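Colleague: I am new to this structure and would like to learn how to read its features. Could you take me through some of them?

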Amino acid sequence: MEFLAVKALASLVTPPGLFAMLALGAALSVRRWPDLARRLCLACAGLILLLSSGPVSQALLDSLNRYPTIDPVTIKSAQAIVVLGAGAQRGLADYGGGTVTSLALERLRYGAHLASDSGLPVLVTDGGPDGQSPGAQYMANTLLEFGVRARWIEGRALTTYENARFARHMLAASGIERVALVSHSWHLPRAVAAFEQVGFQVLPAPTLVGAQRRPASLDWLPSASALEHSTWAVHEYLGSAWYRLRYSIGW
């Protein structure tokens, strides 16, 4: 129940739900408080333009980058690799039921690269809400396509904190405490904090670490991809605030 409540609230305070709430507020107040309605409309339009700008979205994601790419020497000190899921696409006829999302695919590709180079065993973790097939099984299937077999498949976790908690329970039986944690660079600060909270020694292994570059003129134009990137960043900042309140986890 808590999971559903938090997800519902988050959807209303992050784009595009945030824009819908501002527009709805403007529509409901336009007769009684026209000045407020205009301000809400301007805020909505301004946020859409700002958050869908490439340089702004990149700056938001870069502000979450805490860790450099992991080097071959460092990763060999880990006992296992943990790849965090990012949801699944279900009900697909061409994949015989479903497969991972593009974000999960990016994490798996990097996890497979690290596993092939280091020879470390891999744990994949991702659940399935409302009794749906666990995303971790799709992750394991995809990992096989990269020539790597997942040793552990954790299919109950619905949140990053549960990824950490359930992975801890699963790996404790093998005496594994030091893990290389694979996720996107903007997600790792919260993920590392959660995994350390449950007792892991964590080696952050970020994928798709952005390189610094000067934005081109066209980058400032609104785009759906930039808005999506901004949404990821806003979600992480809100998620970190919630984790401080709920689990006393900070980064």
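Modeller: We begin with helix packing and then turn to one residue.

This is a predicted model, in which local features need pLDDT of at least 70 and side-chain atom pairs count only at pLDDT 80 or more, while totals for chains, interfaces and linings use all residues. Residues are numbered from 1 along each chain as its sequence is written, and side-chain values use heavy atoms, with hydrogens and water left out.

Colleague: At what angle do H1 and helix H2 pack?

Modeller: Helices are DSSP runs of H or I with at least four residues, numbered from the N terminus, and axes are lines fitted to C-alpha atoms over the stretch in contact, with angles from 0 to 180 degrees between N-to-C directions. H1 (residues 2-13) packs against H2 (residues 17-29) at about 65 degrees, with the axes 4 Å apart. H1 is therefore roughly perpendicular to H2, a term covering 65 to 115 degrees.

Colleague: Which residues in H1 and H2 meet?

Modeller: Contact means heavy atoms within 4.5 Å; here Ser-11, Leu-12 and Val-13 in H1 meet Gly-17, Leu-18 and Met-21 in H2.

Colleague: Is Thr-160 buried or exposed?

Modeller: Buried means under 20% relative accessible area, and exposed over 50%, with a 1.4 Å probe and protein chains only. Thr-160, which lies in helix H8 (residues 160-172), is buried, at 8%.

Colleague: Which side chain does a polar contact join to that of Thr-160?

Modeller: A polar contact is a pair of N or O atoms within 3.5 Å, where, within protein, one must be able to donate a hydrogen and the other to accept it, and residues adjacent in sequence count only if both atoms are side-chain atoms. The side chain of Thr-160 is joined to that of His-187 by such a contact of 3.0 Å. Leaving aside neighbours within four places in sequence, Thr-160 also has contacts that include Arg-190, Phe-195 and Tyr-243.

Conventions. Helices (H or I, at least four residues) and strands (E, at least two) are DSSP runs, numbered from the N terminus. Angles under 35 degrees count as roughly parallel, over 145 as roughly antiparallel, 65 to 115 as roughly perpendicular and the rest as oblique.
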